[in-house]
Amino acid sequence: MTVYLPATVPAVLRPQLQRVMADVETFAQLHRVKDKDTKKPVPFRPLPMQRKLFQAYREGHRRIACIKARQVGCTNGCKMLLQHLLYTTPYAAMVALVSMRADSAELLMRENRGWLEGLPSSMRRPLKVGNKGELVLQDTAASIKTFTSRSSTGLRSFDPIAAVLSEFAYAADQNALLRQADAAVGDEGLLIIESTAQNPGDRFSQIIRGAPDNGWHLISLWWHEHPAYEDTNYPEDFPASITAEEQQEREQHGLTLAQLYWRRRKVQSIGLENFRTEYPASLEDCFLQREGAWFDAAQLQQIEPVDSAQQHRALEQPHQLDRYVIGVDVSGGVGGDYSAIVVVSVGTLQPVYVQRSNRVSPKDWAHEVVRVATRYNQGLVLVESNNHGHAVLLEIDHCGYRQLWRHPATGKQWTTTKQSKLDALSTLRDHLEVITRMDRALWMELRSLTLPAGKATPEAPPGSHDDLAIACSLAYRALRDIPPSWRTDGHRAIRSRAGNLIGKARAKRLRGRQLPF
C-alpha cells in the first residue's frame, strides 16, 4: 500500500516510513495520548478494543458497529482510524466525526490536532485551517470535520470517505442520523457507529442484534476484557465472602479474584443495575431496561434466549399428546409493524414457536395462522378483532378453522382496549417465572416494554416493536379459557416426554456397558 508522505520526510527515511504508515496500528504508535488517570501524554499503546477496530479496518469491513463497556478506548481507536485516513490520503478528502454535543466534538477535535502536532518533527505538517470544528492539512487539503448528532442537517451536502458516529445510541434521532451518514459515505466509504447500550428496542440495538446478517461487522468489548478493570489489593478474607451471585458471574465469565473485587467495589459505588448498564459483561446485560420496566429484569435474566435470524422458529416440535394455545397480532403487511404468531404449550407453559413478518397481507397471514394452528394439534387461536384482525378472523373462518377463542361469558372475539391489553400482559407477567427459554427477539421485546409516566399501558420504546410481546401475551391469556380436558392432555404429554427422556437415558447406559462376550 502506497501512502502519502510530506515532503519534509528525508529521502533516506521514506521507504521505512512507507511501511510504518501503511498499517494503522503501527501508525497509531507514533502518537502520544493523554493517560486516563494522570492526564499526562504517554505513548499510544493499543488497548484490546482498539486492536479489534484496527483488525476490522485491515480486513476491509466498511460498516462497523461497536458495543462496549465504558472507558475502554473505543472512541480514541475510532479517531485514530480517521487520523490515519486524514494523514495518508493524497487527496483533498474529508473524514467526519459526529458527537452528541458541540463541546464534546470540540474536545475530540483538539485531541486530533494535538496528535498531529506531537508527531516527530520530520512528519509534522502545517494546517491550512485549524479551528474548533475543522482541521485542514495545507499540502493535500485533506480534512477532518466534526458534527453534532443533534444537528438537523448533519452530514447532508458533505461526502466524507469515512465517518464515526460516537455514542450513537444517545442520538436524538438514530434513524435520521444513520440514514444521512450512510448516504454521505456511500457504499465504499467507511462508517463506524460506537456506543454503550441505551435502549433495548432502539435502532442501535437492532443493528447489534442483526449483525452480521444485516451487513454490519460487530465488535464488542465487555468490562472483564479490559485490562484496567481489576483490583489486586483485595483483602485476604475476600474469597470467603464471595456471594452466590458473584460466584455465578465468576464462573460464567472466567473472572479472576482481582476482577471480581473490582466489580464488587464498582457495584457498591453505583449499584448493580447501573453497573450492568455501564459495564456490561455480555450482550444480555447491554439491553436490560430498568426505569419503568413492565417485566421483572431478574426474572427475564433466568430465561434462556434462543438466537434465530429467521422470520419463524420452532423451539419445540408439536407433541402428539400436548395441546397448544396461539396468540396472533396483526399488521397491515406493508413494511411497518409486524404481524406475529406465538404458540405456547399447555403442558409445559413454554413458548414453542414464533413467527413474524411485516410483508404479509392480513389475508395471507390468516393462512399462516391456520397452517401453524393445524400443525400444533388444532391449537386454540386468539386473534384481536380490531382493525386488520377483523379481516384475519374472516379469512380464518372462510378456511373452515373453528378452534377460535371467544370470551366465555359473552361469546365475543377479543377486542384490544387499555383494560384488555393490561389483562393479557399481566397474565404473561404472572407466567414469567415458569418460562425457561424463548426466542431472543421475543425476549428482547419483553425487556424493552416500559410504562411511561402518565400512561396506563406499557409501550415499546420509539423506533422499536412489541408485536411478538403482544402475541405472546394473547397466547397466555387464552390459557385461562381452555377446556379442562386440555390440561389433562398436557399432563399426559409431560409424562410421555419424561418417559422418552428416561428411555433414552437407559438406552445410553446400556450401550455404554461392556458386552459379556
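Helices and strands here are DSSP runs, numbered from the N terminus. The close-ups below come from a predicted model.

**Close-up 1. Q71, a residue with positive phi in a loop.** Let's start with the stretch between β3 (63-68) and α4 (74-88), because Q71 sits in the loop that joins these DSSP elements. Q71 is not a glycine, yet its phi is positive, at about 55°. The residue counts as partly exposed, with a relative accessibility of 42%.

**Close-up 2. A141, between two strands.** Here you can find A141 in the loop between β6 (134-137) and β7 (143-148). Its phi is near 65°, a positive value in a residue other than glycine. A141 has a relative accessible area of 28%, so it is classed as partly exposed.

**Close-up 3. A cis peptide bond at P212.** Look for the bond from A211 to P212: it is cis, with omega near 0°. P212 belongs to the loop between α7 (203-210) and β10 (217-221).

**Close-up 4. The open sheet.** Eight strands line up in the order β5-β6-β7-β4-β8-β9-β3-β10, with mixed pairing. At the edges are β5 (127-131) and β10, each pairing on one side only. From one strand to the next, the twist averages 15°.

**Close-up 5. β3 beside β10, with helices on the sheet.** Five bridges join β3 and β10 in the parallel sense, and C66 has I219 of β10 as its bridge partner. Helix α3 (residues 48-58) packs on the sheet and touches β3, β9 (190-195) and β10, its direction making about 165° with that of β10. Helix α6 (residues 174-185) also packs on the sheet, touching β3, β4 (94-99), β8 (162-166) and β9; its direction makes about 155° with that of β9.

How values were computed. Residues numbered from 1 in each chain as written. Predicted model: local features only at pLDDT ≥ 70, side-chain atom pairs only at ≥ 80, totals over all residues. Heavy atoms only, no water. Helix = DSSP H or I, 4+ residues; strand = E, 2+ residues; numbered from the N terminus. Buried < 20%, exposed > 50% of the residue type's maximum accessible area, 1.4 Å probe, protein only. Pairing = 2+ DSSP bridges. Axes fitted to C-alpha atoms, helices over the stretch in contact; angles between N-to-C directions. Contact = heavy atoms within 4.5 Å.
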